[in-house]
Amino acid sequence: LDLESPTGTQRYALVVSSGEKKSRPVWTELDVPAPQPPVAPIDLVAQSAPGEVRLLWRHPLLVGVRYNVYRSPINSKELECLNEEPLAELNFTDRTVADKATYVYTVRAVNRRGLESEPSEAIDATPLPLIREPVFTLQGDAGLEATLLDGGTMKGSLQRGARVANG
């Protein structure tokens, strides 16, 4: 089976062999049509998590088909391919997202000839904010103080009978 034959009229020969004996070739010609791109992936779903967006989609299992994931900021038409090489899996996790940014994602199937499908339906997703807890320290009798990620501080106090234990 020749899955990547050139387009146009192609000649093929069938030779039957058994041990050292070979038949005379039987020739045939057939017109190979131009290759078609694969169908587009369907049912694209985005799952937002802290600092990332996980994408899942469905597609018929076809030999040699891989996937390219595209992203653009919500108000932009410029799509960026997020993967260096086409993906074999039906999922992708985007960990290059910015906090509070909303993105539009699409996926395209690509066959062994490099032909891409039409894009899947676009889906919007916003990653959840990263969980960054302040670090509280006790400053003697001065009470509790939280050191924030930006270097600032925030004063606090013990509530509802909470006590500070030694050690």
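Reader: Which residues have the most contacts inside the largest nonpolar core?

Author: This is a predicted model, in which local features need pLDDT of at least 70, side-chain atom pairs count only at pLDDT 80 or more, and totals for chains, interfaces and linings use all residues. Residues are numbered from 1 along each chain as its sequence is written, and side-chain values use heavy atoms, with hydrogens and water left out. A nonpolar core is a set of buried Ala, Val, Leu, Ile, Met, Phe, Trp, Tyr and Cys residues joined through side-chain atoms within 4.5 Å, where buried means under 20% relative accessible area, exposed over 50%, and partly exposed in between (1.4 Å probe, protein chains only). The largest such core has 17 residues, and those with the most contacts inside it are Leu 55, Trp 57, Val 69, Phe 92 and Tyr 105.

Reader: Which element gives the most to this core?

Author: Strands are DSSP runs of E with at least two residues, numbered from the N terminus. Two or more core residues come from each of β6 (52–58), β7 (66–73) and β10 (103–110). With four residues, the element that gives the most is β10.

Reader: Which residue in β8 is the bridge partner of Tyr 70?

Author: β7 and β8 pair in the antiparallel sense over two bridges. In β8, the partner of Tyr 70 is Cys 81.

Reader: Is Arg 71, which forms a salt bridge with Glu 80, buried or exposed?

Author: A salt bridge places a side-chain nitrogen of Lys or Arg within 4 Å of a carboxyl oxygen of Asp or Glu. The closest N and O atoms of Arg 71 and Glu 80 are 3.4 Å apart. Glu 80 is partly exposed, because its relative accessible area is 41%. Because its relative accessibility is 9%, Arg 71 counts as buried.

Reader: Which residues do salt bridges that share partners join into one network?

Author: The whole structure holds five salt bridges. Those that share partners form one network of Arg 71, Glu 80 and Asp 94.

Reader: How far apart are the closest N and O atoms of Arg 58 and Asp 43?

Author: Arg 58 counts as partly exposed because its relative accessibility is 48%. Asp 43 also counts as partly exposed, at 43% relative accessibility. In their salt bridge, the closest N and O atoms are separated by 2.6 Å.

Terms used. Two strands pair if DSSP finds at least two bridges between them.
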